[in-house]
Protein chains: 2
Amino acid sequence: VRDAYHDDLDAISTALIEMAHLVGSAISRATTALLDADLALAESVITADETVDLLYRDTEERAFTILATQAPVADELRVVVTSLRMVAELERMGDNALNIAKIVRRRAPASAIPPELRATFVEMGNEAEEIIARTASVIMTRSLQEAADLEKEDDVMDALHRRLFTVLLDDRWTHGVEAAIDVTLAGRCYERFADHAISVGRRVVYLVTGERPTKV
Amino acid sequence: VRDAYHDDLDAISTALIEMAHLVGSAISRATTALLDADLALAESVITADETVDLLYRDTEERAFTILATQAPVADELRVVVTSLRMVAELERMGDNALNIAKIVRRRAPASAIPPELRATFVEMGNEAEEIIARTASVIMTRSLQEAADLEKEDDVMDALHRRLFTVLLDDRWTHGVEAAIDVTLAGRCYERFADHAISVGRRVVYLVTGERPTKV
């Protein structure tokens with residue numbers, strides 16, 4: 001039979017996966033809300049972020065209780081400490097989805113995204129969904145290969161992010177400063193979203209290999 | 001005589017204060033570089049961030065070692081776990097100074113800040129310096145009053161941040177899209193800088209009172 005201690009460790013893993021799923025749903029809905037200027041969908045993302053925050057606090061509390069009452073060592077200590085960091089990264093990823101939804105809300109019923117950038121934001125949204133799905137997978141499988149793949153996904157996101165600026169800085173940009181600001185802020189959310197996923201991947205590498213990430 | 005365990009705990013506190021000082025220096029120099037379009041100063045901020053990252057990793061490693069070898073309980077466990085979070089917030093604050101320096105580097109020798117926003121960025125820079133100085137003080141003193149004061153400083157920063165957008169969205173804005181993007185990104189760095197400081201303050205409140213922050 002499993003004891004309460006191992007049940008607690010399992011509960012942390014389950015919560016991390018659950019958070020990744022919630023964040024995946026949030027970024028997917030936030031992107032659709034952004035593309036469709038859908039205020040109701042944006043509001044749903046804003047409300048749902050409270051659940052992510054709640055899971056974050058519960059998981060942190062649980063990790064803390066394990067440290068306080070079980071004094072785990074070696075691998076299990078590493079799992080608990082790493083989980084504390086992962087849960088913080090996932091919470092921040094949720095915040096980036098939240099911030100996209102807030103841009104939608106601020107501009108509704110107008111769209112924050114001009115037509116010529118629509119395709120790029122579709123791609124950024126898809127990339128973000130793949131990234132969070134892979135992040136969940138990396139957390140579950142602890143696959144070093146998948147962690148490395150996450151870094152490649154981040155390169156794709158960075159390229160899309162740079163493409164935004166190429167369009168924004170083109171002389172043919174006719175949408176003015178307000179649209180440029182919204183595009184800049186929304187683009188930054190997707191870029192940060194991917195960065196936090198990379199951090200999760202690097203934590204998994206640390207967990208598996210004991211190698212400290214050289215970048216943070 | 002003090003034992004190695006308490007020396008390790010002290011070393012973590014010392015490292016947190018040292019990081020806060022480095023981050024204070026970074027945001028101060030980044031602001032000056034931004035206002036003066038000073039490439040050399042910006043480069044110094046970019047280089048110095050490596051030291052912040054190094055301290056971050058060392059401190060995390062030290063906290064981990066304490067957890068692994070000493071199995072601290074009660075207050076001391078709370079100090080170690082809280083330190084793990086604080087060190088991550090301070091590292092992110094350093095990244096925000098770094099990102100301001102990168103904006104300077106990208107635009108040099110031109111200035112990223114139009115004349116009519118100079119005064120606002122001076123204020124944001126001063127506010128950021130006060131915030132990190134207070135953050136260091138909160139870490140040292142664990143004063144609940146100072147942690148509450150940090151929240152007020154954040155309100156000031158938010159107001160300055162909003163003022164930026166008022167200027168950017170004014171019909172009299174003549175600096176075009178590129179300047180608007182730089183101002184948006186730089187402003188966001190200061191706003192995030194303050195947010196991370198607030199998180200440190202809330203961690204201190206948790207440390208002292210045991211009350212979990214309701215916001216994360």
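**Notebook: two chains, one interface**

The same surface serves both copies, as 100% of the contact residues of chain A recur in chain B. Contact here means heavy atoms within 4.5 Å.

Ground rules, before going on. This is a predicted model, where local features need pLDDT of at least 70 and side-chain atom pairs count only at pLDDT 80 or more, while totals for chains, interfaces and linings use all residues; side-chain values use heavy atoms, with hydrogens and water left out. Residues are numbered from 1 along each chain as its sequence is written, with chains lettered from A and ligands numbered from 1 in the order in which they are written.

**Entry: the interface**

I looked up how many residues take part. In chain A, 42 residues are in contact with 43 residues of chain B. Next came the area. The size of an interface is often given as the accessible area lost when the parts come together. Chain A and chain B bury about 3500 Å² between them. That figure is the accessible area (1.4 Å probe) that the two parts lose on being put together, summed over both. Carbon and sulfur atoms carry 62% of it.

How many salt bridges does the rule find across the interface of chain A and chain B? I noted six. The rule asks for a side-chain nitrogen of Lys or Arg within 4 Å of a carboxyl oxygen of Asp or Glu. I checked one pair by name: A:Arg85 forms a salt bridge with B:Glu60, and their closest N and O atoms are 2.3 Å apart.

I also took the polar contacts. Between chain A and chain B I noted 10 residue pairs, with both residues at pLDDT 80 or more. A polar contact is a pair of N or O atoms within 3.5 Å; within protein, one must be able to donate a hydrogen and the other to accept it, and residues adjacent in sequence count only if both atoms are side-chain atoms.

Which elements of chain A give two or more residues to the side that touches chain B? They are α2 (39–70), α3 (74–107), α5 (144–168) and α6 (176–209). Helices (H or I, at least four residues) and strands (E, at least two) are DSSP runs, numbered from the N terminus. The largest share comes from α6(A), with 13 residues. By class, this side of chain A has 22 nonpolar, six polar and 14 charged residues. Ala, Val, Leu, Ile, Met, Phe, Trp, Tyr, Cys and Pro count as nonpolar, Asp, Glu, Lys and Arg as charged, and the others, Gly among them, as polar.

**Entry: B:Arg188**

I found B:Arg188 in helix α6 of chain B. B:Arg188 is buried, with a relative accessible area of 17%. Buried means under 20%, exposed over 50%, partly exposed in between (1.4 Å probe, protein chains only). Setting aside residues up to four places away in sequence, B:Arg188 touches A:Asn99, A:Leu185 and B:His161. The side chains of B:Arg188 and B:Glu191 are joined by a polar contact of 3.1 Å.

A:Arg107 is in helix α3 of chain A. A:Arg107 is buried at 16% relative accessible area. Leaving aside neighbours within four places in sequence, I listed A:Ala112, A:Glu178, A:Ala179 and A:Asp182 as its contacts.

A:Thr59 lies in helix α2 of chain A. Buried or exposed? A:Thr59 is buried, at 5%. Not counting residues up to four places away, A:Thr59 touches A:Ile12, A:Ala15 and A:Val87.

Most residues other than glycine have a negative phi, and most peptide bonds are trans. I looked for exceptions. A cis peptide bond joins A:Ala108 and A:Pro109, with omega about 5°. A:Pro109 sits in the loop between α3 and α4 (115–141) of chain A. In chain B, the bond from B:Ala108 to B:Pro109 is cis too, with omega near 5°.

A:Ala37 has a positive phi, near 50°. A:Ala37 lies in the loop between α1 (4–36) and α2 of chain A and is buried, at 18%. B:Ala71 has a positive phi of about 40°. B:Ala71 is in the loop between α2 and α3 of chain B and counts as partly exposed, at 32%.
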